[in-house]
There are 2 protein chains.
Amino acid sequence: MAWVRDNIAAMKGYVPGEQPSDAGIIKLNTNENPYPPSPRVMEAIRAVTPDRLRRYPDPDANVFRQAAAKVHGISPEMIMATNGGDELLALLFRACVGEGDRVAFLNPAYSLYPVLSAMQAARPVALPYEINGGDWRLPEDIFKLNAKLLLIVNPNAPSGTLIDRDMLARVIGGFPGAVLIDEAYVDFAPTSALELVGQFANLILLRSLSKGYSLAGMRFGYGIARESFLRELYKVRDSYPCDAVAIAAARAAIEDQAYARGTWEKVLQERRCVTEQLRNMGFVVPRSHANFVLAQTPAGSDAERLYQRLKDRNILVRYFPQPRLADKLRITIGTPVQNGALLEAIGELAKEMLFRPHKDSA
Amino acid sequence: MAWVRDNIAAMKGYVPGEQPSDAGIIKLNTNENPYPPSPRVMEAIRAVTPDRLRRYPDPDANVFRQAAAKVHGISPEMIMATNGGDELLALLFRACVGEGDRVAFLNPAYSLYPVLSAMQAARPVALPYEINGGDWRLPEDIFKLNAKLLLIVNPNAPSGTLIDRDMLARVIGGFPGAVLIDEAYVDFAPTSALELVGQFANLILLRSLSKGYSLAGMRFGYGIARESFLRELYKVRDSYPCDAVAIAAARAAIEDQAYARGTWEKVLQERRCVTEQLRNMGFVVPRSHANFVLAQTPAGSDAERLYQRLKDRNILVRYFPQPRLADKLRITIGTPVQNGALLEAIGELAKEMLFRPHKDSA
């Protein structure tokens, strides 16, 4: 096809996690919140009138921006609403990264980053995490980096590990380009980089309502940055990225902090149990600050086979067939019943697959 | 901002039409359908469960694709759902247009095209329509064009004029790059380019549910092309462009053809009346095949002032302060009551502003 750019013809698209329609499946593969959204979200959706659908929505989703600004204690001008967090990433690449420009990200991190880089015909710079068992550290290279854009997921996916705020400040302060901190999972973590936005003009945070607010089906994310930075991103977006129903739902969701926090607390409690029990069965599990854990399967086992055997039992987790991840499974924290079923299945498969679930004193 | 690309820093973003929140305004400026969406759309939205919001949506919107394929008599694989028609345009630019590549479009046409071109640091080639009163023709240059992408709005916005299918086939067959026919307004026209998709591998059609199906607030569009062409576009899109509520709503809307057609017929009838009455008042109005008309104000009048005076009376139409359009207003066809109010106001302003509403024998 002569009309397709060479870099696009040569690239592969991103492959999202499986989204089976079978309701009988225990779905622990794409980090959804196991609890439904706030009842106020359902009320807000049902209150949308036919006339609201007929007319174009507010291009800037101002009612959402005001609600989110109140929650964060910042001005609405520092917030930009997007059609899911992924759209914010795409905007940032379009605004900052030209053909041949360098884009840096850690590895392993969100596997969409290299795909976005290929779309722009950019030069990806993958910085390997220093991994030592359950310990994931930033490589020294990150402090002497030159690129247009640096992306850091924090807490990281797929490891769940967290980089502390002082370390982030050191990285951002020393970097000549734009820095995105992808905080899609921050609702399950003890700290965020929010207070750094006032400090650094080159910093933008990504937030998402998919996980923390149980709205993966609604596609709603937002960026937090100085107004001058956001102004450049507004230039490269679609005119009406968020629809009228999504705006109403997202506003209701973020306004009901008490409900959302209730779901986070339940997830955190379960995360402790799942981590401990997996470790007891011989898995190496870094301490997670997200709503999933990355579990390295015990010596002598085969992670891909375990993934497959769990799938045969209608339990779906995420397996990444790539260097540094091929011996691990990423497991979303579900409800107590779902987690119980998973752990029981792993216990049984451990016997059957002859890997040794040994007892550690955690 | 050192991290922003030069072409982005230098460009201006697209400015969409005003979206006032005041319900008292007669809004004839952004081509919304004046009638509400099908009641089945509202039912579909209210039937969405909390669990459907909690989980990621179907990345491909398959229930919609199947419904639309049935309506068009094509296979679902030839349909790609997007977050509004604008997203399809953005995907097409990303897949086909690299830095310095040529992108061609007519002028005047959809004013987003030059903005998308600037985002890609591409070289825009604007082909001037040959305009003679109400007659808008393709320029001869279009048949000897070399570019990566050619965009034709048909029926055209803002003129409402239609290029016939044989002429389109000549253009597409002779063009070396990809051709997008933007059929956002095709529901109000007598013909479409649908049957040409089988004939040309480089052709893609854009469809939208914003106007024909009264869903501007929902953001739902789609592309129609051969599967091999769409495959390249899937690589450059977000993983989940359409949310679960939008997919359910769009499916219900397109399945209720009888309802939608009812709204189109009412708009067509009003379009005839509005055209005739504007012509009677001395405006030059090309024959429109869309849900709006482009009205050149009578000799001696000032289109911008008329736009402003209508706005003072809470009637909003679209004024484009740019060459070839600055003497015209684009007026969306509303309900009979809205159109009556508009025409009455214009009649009164004609006297007041001392331009001469003369009577022609249409």
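Okay, let's start with how chain A divides up: the domain assignment gives domain 1, covering 18–35 + 258–352, and domain 2, covering 39–255. Those bounds come from an automatic or database domain assignment.

A bit of housekeeping. This is a predicted model, so to speak of local features we need pLDDT of at least 70, and side-chain atom pairs count only at pLDDT 80 or more, while totals for chains, interfaces and linings use all residues. Residues are numbered from 1 along each chain as its sequence is written, and chains are lettered from A and ligands numbered from 1 in the order in which they are written.

Back to the domains. Taken over C-alpha atoms, the centres of domain 1 and domain 2 of chain A are 25 Å apart. Where they touch, 24 residues of domain 1 of chain A meet 23 residues of domain 2 of chain A; contact here is C-beta atoms, placed from the backbone, within 7 Å. On the domain 1 side of chain A, helix 10 and strand 11 (292–296) each give two or more residues, and helix 10 of chain A has the largest share, with 5 residues. Helices (H or I, at least four residues) and strands (E, at least two) are DSSP runs, numbered from the N terminus.

Helix 10 of chain A, residues 257–280, also packs on helix 12 of chain A, residues 336–352, at an angle of about 5° with the axes 11 Å apart. The axes are lines fitted to C-alpha atoms, for helices over the stretch in contact, with angles from 0 to 180 degrees between N-to-C directions. So helix 10 and helix 12 of chain A are roughly parallel, the word for angles under 35 degrees; over 145 is roughly antiparallel, 65 to 115 roughly perpendicular and the rest oblique. Helix 10 of chain A brings E270(A), C273(A), V274(A) and Q277(A), and helix 12 of chain A brings P336(A), N339(A) and L343(A).

Terms used: Two residues are in contact if their C-beta atoms, placed from the backbone, lie within 7 Å.
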